[in-house]
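Me: I have a protein model to study and would like to talk it through. Could you take a look at it with me?

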Amino acid sequence: MDAAIIKGLTKFVNRKNSTSVLLNAFDNAKSGSGQELGLVGEAGVGKSRLVHEIMNLLPQDKYSYLEGRCLQYGNSMAYHPFLNILKTCFGIQEGDREFLIKKKITKKILNLNETLKGVIPPYQGLLSLKVDDDDFIKLDPKKKREKTFEALRDLMIRLSQEKCLVLCVEDLHWIDKTSEEFLDYLIGWLANSPILLILVYRPEFTNTWGSKSYYTKIGLTQLGMAASTKLVGPFWERGAWPRNLRHSFLNAGQETRLLWRNLPMPYWKTIPLNKKKKTIFLKKSFEYSAP
Ligand SMILES: Nc1ncnc2c1ncn2[C@@H]1O[C@H](COP(=O)(O)OP(=O)(O)O)[C@@H](O)[C@H]1O
Ligand SMILES: [Mg+2]
């Protein structure tokens, strides 16, 4: 999605129902009853795009947004999605020296709340800095983990007291075990906090979070034919799509799965249509210019 944003996004189509569920969850969270929202769908179906569109719809001054992303080969890296969240939160930039990072953490924490001072050592530990607290260093791993969970939770809750916090964790199907356990823990604290937790994942990822009364699941399916036609229409009008592709695409029916992932890219290749799976695969081969 980030790359797509830089190149310019396709016009957003459809997703009215999902949009209103998301906006509703935000309103509930904003009024103090935290919400957990699972956004589930196959790769390329439009999960990240939906989150991006929703964030643009929400009143900018009424929420803060933090996003963590799980990596395909990142499941051995404990707390991976939360490291990015912490870096954003503390304004840490690539190349910042250790002393500056520590300064930024302390400044932010003291600004938020003096009493949060005790959470600084776990953040130093999480960000692989030298920890300035011997008592914390000496803790056994179980206790350290407990303190780290509490520190992350306190930060989220404290931030949400300033403005409703939208916390999005992307691509959970690749999540590391510790982060998954932390999410489990955080979810237990959501009910009375103005936090909207958006969990984005593919259908193969299973979890037990659905049992909470404040959990809503949005299942995203491929865009229907009408929406797909609307989306690719502008490209066809410019004659960029070869005739046989147009024909195949329009005849593939509702279940057509167009791999959107790279749609706005300037160079493409052939389009063998797999009739059995009703899937059109787009690969590089011809050129078109985006409208
Ligand atoms: N409703 C939509 N309207 C227009 N373009 C869309 C829509 N949904 C997804 N796309 C485009 O499809 C591509 C893949 O979507 P993305 O959100 O990254 O999928 P996912 O996160 O489910 O893997 C992106 O380029 C995105 O802009
Ligand atoms: Mg995505």
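This is a predicted model: local features need pLDDT of at least 70, side-chain atom pairs count only at pLDDT 80 or more; totals for chains, interfaces and linings use all residues.

Me: In what order do the strands of the five-stranded sheet come?
Reply: The order is β2-β3-β4-β1-β5, in an open sheet with parallel pairing. Because β2 (63-69) and β5 (215-219) each have a single partner strand, they stand at the edges, and one side of each has no neighbour in the sheet. On average, neighbouring strands are turned by 15 degrees against each other, direction ignored.

Me: How many bridges join β2 to β3?
Reply: Seven bridges join these two parallel strands. Glycine 68 is found opposite valine 169 of β3. On to the next pair: β3 and β4 are paired in the parallel sense over five bridges, and leucine 167 has leucine 197 in β4 as its bridge partner.

Me: And which strand pairs with β1 over five bridges?
Reply: That is β5, which pairs with β1 (residues 35-40) in the parallel sense. Glycine 38 has lysine 217 in β5 as its bridge partner.

Me: Is β3 mostly covered or mostly open?
Reply: β3 is mostly covered, with seven of its seven residues buried. Cys164, Val166, Cys168 and Glu170 point one way from the strand, while Leu165, Leu167 and Val169 point the other way.

Me: Why two directions?
Reply: Side chains in a regular strand alternate between the two faces of the sheet.

Me: Changing topic: which helices lie on the sheet?
Reply: Two can be described here. Helix α2 (residues 16-30) lies across β1, β3 (164-170), β4 (195-201) and β5, and runs at about 160 degrees to β1. Helix α8 (residues 141-162) packs on the sheet and touches β2, β3 and β4, its direction making about 135 degrees with that of β3.

Me: How far does α8 reach?
Reply: From the first C-alpha to the last, the 22 residues of α8 reach 32 Å, close to the 32 Å expected at 1.5 Å a residue.

Me: Which residues of α8 are buried?
Reply: They are Thr148, Ala151, Leu152, Leu155, Met156, Leu159 and Ser160. These residues are on the same side of α8 because they cover an arc of only 165 degrees around the axis. On the other side of the helix, Lys142, Lys143 and Gln161 are exposed.

Me: What covers that buried side?
Reply: The cover over the buried residues of α8 includes β2, α4 (80-90), α6 (120-126), β3, α9 (177-187) and β4.

Me: Now the core: which residues touch the most other members?
Reply: In the largest nonpolar core, which has 48 residues, these are Leu37, Leu196, Leu197, Ile198, Leu199 and Val200. β4 provides the largest share of this core, seven residues. Beyond its neighbours within four places in sequence, valine 200 has contacts that include Leu39, Val51, Cys168 and Leu172.

Me: Which residues does lysine 30 contact beyond its sequence neighbours?
Reply: Leaving aside neighbours within four places in sequence, lysine 30 is in contact with Lys62, Cys164 and Pro194. The C-alpha atoms of lysine 30 and proline 194 are separated by 5.1 Å, although these residues are 164 residues apart along the chain.

Methods: Residues are numbered from 1 along each chain as its sequence is written. Chains are lettered from A and ligands numbered from 1 in the order in which they are written. Two strands pair if DSSP finds at least two bridges between them. Helices (H or I, at least four residues) and strands (E, at least two) are DSSP runs, numbered from the N terminus. Axes are lines fitted to C-alpha atoms, for helices over the stretch in contact, and angles run from 0 to 180 degrees between N-to-C directions. Two residues are in contact if their C-beta atoms, placed from the backbone, lie within 7 Å. The expected span of a helix is 1.5 Å times one less than its number of residues. A residue is buried if 20 or more other C-beta atoms lie within 10 Å of its own, exposed if 12 or fewer, and partly exposed in between; C-beta atoms are placed from the backbone. The arc is that of the directions from the helix axis to the C-beta atoms. A nonpolar core is a set of buried Ala, Val, Leu, Ile, Met, Phe, Trp, Tyr and Cys residues joined through C-beta atoms within 7 Å.
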